[in-house]
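Biologist: Hi! I'm new to this one, could you walk me through it?

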Amino acid sequence: AFFDWAASKGLDRKKVEDMYNSFGVTSKFNRSRAVAKDYNVQSVPLVIVDGKFVTASDKVGAHANMPSAINALIAKAKTERSKK
């Protein structure tokens, strides 16, 4: 279905298929699946700060609360880094 859609938008179906099945795309896809598993991604949007602090809208109550939650995690990460 994706290749049909791409072709309907004027893209060369064979080129899209070759790129989609390429080593580079496959490697990046597998890496993203591993990262999602490592961070136990259950929903989006999800933001990871400094590789260790994770927040999502379901954890902060609403999408509108995400910016302040992210800013708080950034401040926490900066504080922890300055102690090293």
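Modeller: Happy to; we'll start with the overall layout and then look at some details. Keep in mind that this is a predicted model.

Biologist: Great. How many helices and strands are there in the chain?

Modeller: The chain has 5 helices and 2 strands. Starting at the N terminus, their order is α-α-α-β-β-α-α. The radius of gyration is 19 Å, well over the 12 Å that the globule rule gives for 84 residues, so the chain is more spread out than a compact globule.

Biologist: What box do the C-alpha atoms fill?

Modeller: Taken along the principal axes, that box is roughly 55 × 30 × 20 Å.

Biologist: And what share of the residues is buried?

Modeller: Buried residues are 15% of the 84 in the chain. As for contacts with a separation of 6 or more, 16% of them are between residues 24 or more positions apart. The accessible surface is about 6,600 Å², and carbon and sulfur atoms account for 58% of that.

Biologist: Switching to charges, how many positive and negative side chains does the chain have?

Modeller: There are 15 positive and 8 negative side chains. The centres of these two sets are 8 Å apart.

Biologist: Now the strands. In which sense do β1 and β2 pair?

Modeller: They pair in the antiparallel sense, over 4 bridges. Strand β1 covers residues 46-49, and strand β2 covers residues 53-56.

Biologist: What sits between β1 and β2?

Modeller: There are 3 residues between them, and the two strands form a hairpin. In the turn, aspartate 50 has a positive phi of about 60°.

Biologist: Which residues stand opposite isoleucine 48 and valine 49?

Modeller: Isoleucine 48 faces valine 54 in β2, while valine 49 is opposite phenylalanine 53 in β2.

Biologist: Why does serine 57 count as buried?

Modeller: Its relative accessibility is 11%, and buried means under 20%, so serine 57 falls in that class.

Biologist: Which residues does serine 57 touch, leaving out those up to four places away in sequence?

Modeller: With those left out, serine 57 touches Pro45, Ala62, His63 and Met66.

Technical notes
Residues numbered from 1 in each chain as written. Predicted model: local features only at pLDDT ≥ 70, side-chain atom pairs only at ≥ 80, totals over all residues. Heavy atoms only, no water. Rg over C-alpha atoms; globule rule 2.2 N^0.38 Å. Buried < 20%, exposed > 50% of the residue type's maximum accessible area, 1.4 Å probe, protein only. Contact = heavy atoms within 4.5 Å. Areas by Shrake-Rupley, 256 points an atom, 1.4 Å probe, with all protein chains shown as cover. Lys, Arg positive; Asp, Glu negative; His and termini not counted. Charge placed at Lys NZ, Arg CZ, Asp CG, Glu CD. Pairing = 2+ DSSP bridges.
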